[in-house]
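Dear colleague, please keep the sequence and the model open beside this note while you read.

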Amino acid sequence: MAGHPYDGKRAVVVGGTHGIGLAIAERLVQGGARVVVTGRNPDNVREAAGLLGPNATAVVSDVANSADIQALGDQVRDSLQTIDALFSNVGVAEFEPIDQVSEASWDRQFAVNAKGAFFTAQRLIPLVAAGGGIVFTTVTAATASPAMGVYNATKAAVRAFAHTMAAELVGQNIRVNTLAPGFIDTPTLGVAGATAAERAELHQVGDAVTPMKRHGTPAEVAEAALFLALHATFTTGTELQVDGGISGIESP
Ligand SMILES: NC(=O)c1ccc[n+]([C@@H]2O[C@H](COP(=O)([O-])OP(=O)(O)OC[C@H]3O[C@@H](n4cnc5c(N)ncnc54)[C@H](OP(=O)(O)O)[C@@H]3O)[C@@H](O)[C@H]2O)c1
């Protein structure tokens, strides 16, 4: 069954309605898995449901809302019973130099990326089967890009609590790792509120500073995510850089 490597597998992709998360869900469904994907925007959830087909359940669920997190746990239990792979891929970013950061933008980013990712995982971990894998999406370790200080801080928090979860769950035979993308060509480039001009500039900068001189594709990140969650059976508590070399080598 080489064409269906994930037959019988059950997976949840939190933040799975477009970009990297959707690519993870597509790969899982193509491989025979049953998947629950979530997103906050109902139109995007509907669109993802249509794209992914009958082996996927798409759920409107805001990770910044604790009632939604509780309900999501019930929905996942009802539709999948247990989980083999949990992808916590949700993330939002706002461009702001330090002197323009507001309490509101700090709270918005931490509410989704750090608090939301943490409490969603806390709710879903009891459903993760022994032998299962959890993958949090962070950001490349080369994170000194200007105007992304709060976002980078949220991802540092994710890295920290994810690796603590790895220590707490190793006795249950559940692995927890983080996946750190560099510049990836998603519809939002990871910065949903950016203007078209900001996005064009970000794209140019990304290609210039990445040693491979290009953006990664969502499919390339999805392959790495699936590797960590389902194939890397002797790997836990670590981070995989999927960043075209930006954190590891000098750009030529
Ligand atoms: N693209 C990059 O270059 C890049 C680089 C480094 C790291 N990352 C990280 O990689 C991950 C995916 O990035 P991406 O570019 O693929 O992002 P994306 O296309 O904007 O997708 C983010 C996903 O999260 C969902 N989401 C956003 N806010 C949510 C909330 N409050 N509750 C539930 N779901 C929510 C989005 O759904 P709706 O918007 O429809 O609600 C969507 O499904 C993020 O964690 C991002 O920080 C991306």
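**Notes on the predicted model**

1. An oxygen atom of the ligand lies 3.5 Å from a polar backbone atom of glycine 16, which puts the pair at the limit for a polar contact, defined as a pair of N or O atoms within 3.5 Å, where, within protein, one atom must be able to donate a hydrogen and the other to accept it, and residues adjacent in sequence count only if both atoms are side-chain atoms. The model is a predicted one, in which local features need pLDDT of at least 70 and side-chain atom pairs count only at pLDDT 80 or more, while totals for chains, interfaces and linings use all residues. Residues are numbered from 1 along each chain as its sequence is written, and side-chain values use heavy atoms, with hydrogens and water left out.

2. Two further contacts of the ligand deserve a look. A backbone N or O atom of valine 90 is 3.3 Å from an oxygen atom of the ligand, and an N or O atom in the side chain of threonine 188 is 3.0 Å from an oxygen atom of the ligand. On its own the ligand has 890 Å² of accessible area, of which the protein covers 95%; such areas come from the Shrake-Rupley method with a 1.4 Å probe, and for residues only the protein chains shown count as cover.

3. Which elements give two or more residues to the shell around the ligand? They are helix H1 (19-30) and helix H5 (149-169), where helices (H or I, at least four residues) and strands (E, at least two) are DSSP runs numbered from the N terminus. The ligand is surrounded by 31 residues, the closest being Thr17, His18, Asn44, Tyr151 and Thr186, and a residue is counted as near if one of its heavy atoms lies within 4 Å.

4. The shell around the ligand divides into eleven nonpolar, 17 polar and three charged residues. In this grouping Ala, Val, Leu, Ile, Met, Phe, Trp, Tyr, Cys and Pro count as nonpolar, Asp, Glu, Lys and Arg as charged, and the others, Gly among them, as polar.

5. The count of salt bridges comes to eight, a salt bridge being a side-chain nitrogen of Lys or Arg within 4 Å of a carboxyl oxygen of Asp or Glu. One of them joins arginine 27 and glutamate 223, whose closest N and O atoms are 2.8 Å apart. This pair links distant parts of the chain, since arginine 27 is in helix H1 and glutamate 223 is in helix H7 (residues 218-231), 196 residues apart. Arginine 27 is partly exposed at 24% relative accessibility, and glutamate 223 is partly exposed at 42%; here buried means under 20% relative accessible area, exposed over 50%, and partly exposed in between (1.4 Å probe, protein chains only).

6. Another salt bridge lies within one helix. Arginine 46 and aspartate 43 have their closest N and O atoms 2.6 Å apart, and because they are three residues apart in helix H2 (residues 42-52), about one helical turn separates them. Arginine 46 is exposed, with a relative accessible area of 55%, whereas aspartate 43 is partly exposed at 48%.

7. Arginine 77 forms a salt bridge with aspartate 78, with 3.6 Å between the closest N and O atoms. Salt bridges that share partners join Asp74, Arg77, Asp78 and Arg123 into one network.

8. In strand S1 (residues 10-14), four of the five residues are buried. S1 pairs with strand S2 (residues 34-39) in the parallel sense over five bridges, two strands being paired if DSSP finds at least two bridges between them. Within this pairing, valine 13 stands opposite valine 37 in S2.

9. Is threonine 186 buried or exposed? Threonine 186 is buried, with a relative accessible area of 10%, and its place is in the loop between strand S6 (175-181) and helix H6 (196-209). A polar atom of the side chain of threonine 186 lies 3.0 Å from the backbone nitrogen of leucine 189.

10. Finally, threonine 154 lies in helix H5 and counts as buried at 0% relative accessibility. The side chain of threonine 154 reaches the backbone oxygen of tyrosine 151 at 2.5 Å.
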